Amino acid sequence: MATKSVEPQIADLANGWLKQYKLDYRLEQQPLNSSIDNALNEYASKQGGTGVPASSCPNSG
């Protein structure tokens, strides 16, 4: 029997704390800002290819 990950529960707990203190936070797939998004798009991937194409990023454009 496989062990279930507790990561989603930990992330939910921590995000609740951030929200409680009215601190700005982003979920894993949400963009931070255009400068960071552009750097990630241009940086080479682990497999040696280019970074994530801008067309596949949410809120790109």
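**Entry 1: the chain as a whole**

I began with burial: buried residues make up 5% of the 61 residues in the chain. I took buried as under 20% relative accessible area, exposed as over 50%, and partly exposed as in between, with a 1.4 Å probe and protein chains only. This is a predicted model, so I kept local features to pLDDT of at least 70 and side-chain atom pairs to pLDDT 80 or more, while totals for chains, interfaces and linings use all residues. Residues are numbered from 1 along each chain as its sequence is written, and side-chain values use heavy atoms, with hydrogens and water left out.

I then looked up the surface. The chain exposes about 5,800 Å², and 57% of that comes from carbon and sulfur atoms. The areas are from the Shrake-Rupley method with a 1.4 Å probe, and for residues only the protein chains shown count as cover.

For secondary structure I found 2 helices and 0 strands. Both terms refer to DSSP runs (helices H or I, at least four residues; strands E, at least two), numbered from the N terminus.

**Entry 2: helix α1**

I noted that α1 covers residues 7-20, which is 14 residues. From its first C-alpha to its last, α1 reaches 20 Å, close to the 20 Å expected at 1.5 Å a residue. The expected span is 1.5 Å times one less than the number of residues. I found α1 hardly covered, with a count of 1 buried residue among its 14.

**Entry 3: K22**

After α1 I came to K22, whose phi is positive, near 55°. K22 is a residue other than glycine. I placed K22 in the loop between α1 and α2 (34-42). K22 has a relative accessible area of 74% and is exposed.

**Entry 4: the salt bridge**

How many salt bridges does the count come to? The count comes to 1, taking a salt bridge as a side-chain nitrogen of Lys or Arg within 4 Å of a carboxyl oxygen of Asp or Glu. The pair is R26 and D24, at 2.8 Å from N to O. Side chains of opposite charge can pair when their charged atoms come close. I checked both partners for cover: R26 is partly exposed at 38% relative accessible area, and D24 is exposed at 65%.

**Entry 5: a nonpolar patch**

I listed L13, W17, Y21 and L23 as a nonpolar patch on the surface, with about 470 Å² of accessible area together. Patch residues have over 30% relative accessible area and no salt bridge; like charges are joined within 9 Å, and nonpolar side chains (Val, Leu, Ile, Met, Phe, Trp, Tyr) within 5 Å. L23 sits in the loop between α1 and α2 and is partly exposed at 48% relative accessibility.

I found Y25 in the loop between α1 and α2, partly exposed with a relative accessible area of 27%. Which residues does Y25 touch, not counting those up to four places away in sequence? They are N15, L18, K19 and Q30, where contact means heavy atoms within 4.5 Å. Y25 and N15 are 10 residues apart along the chain, and their C-alpha atoms are separated by 7.5 Å.

L27 is also in the loop between α1 and α2, and I read it as partly exposed at 46%. L27 and A11 are 16 residues apart in sequence and 9.1 Å apart in space, C-alpha to C-alpha.
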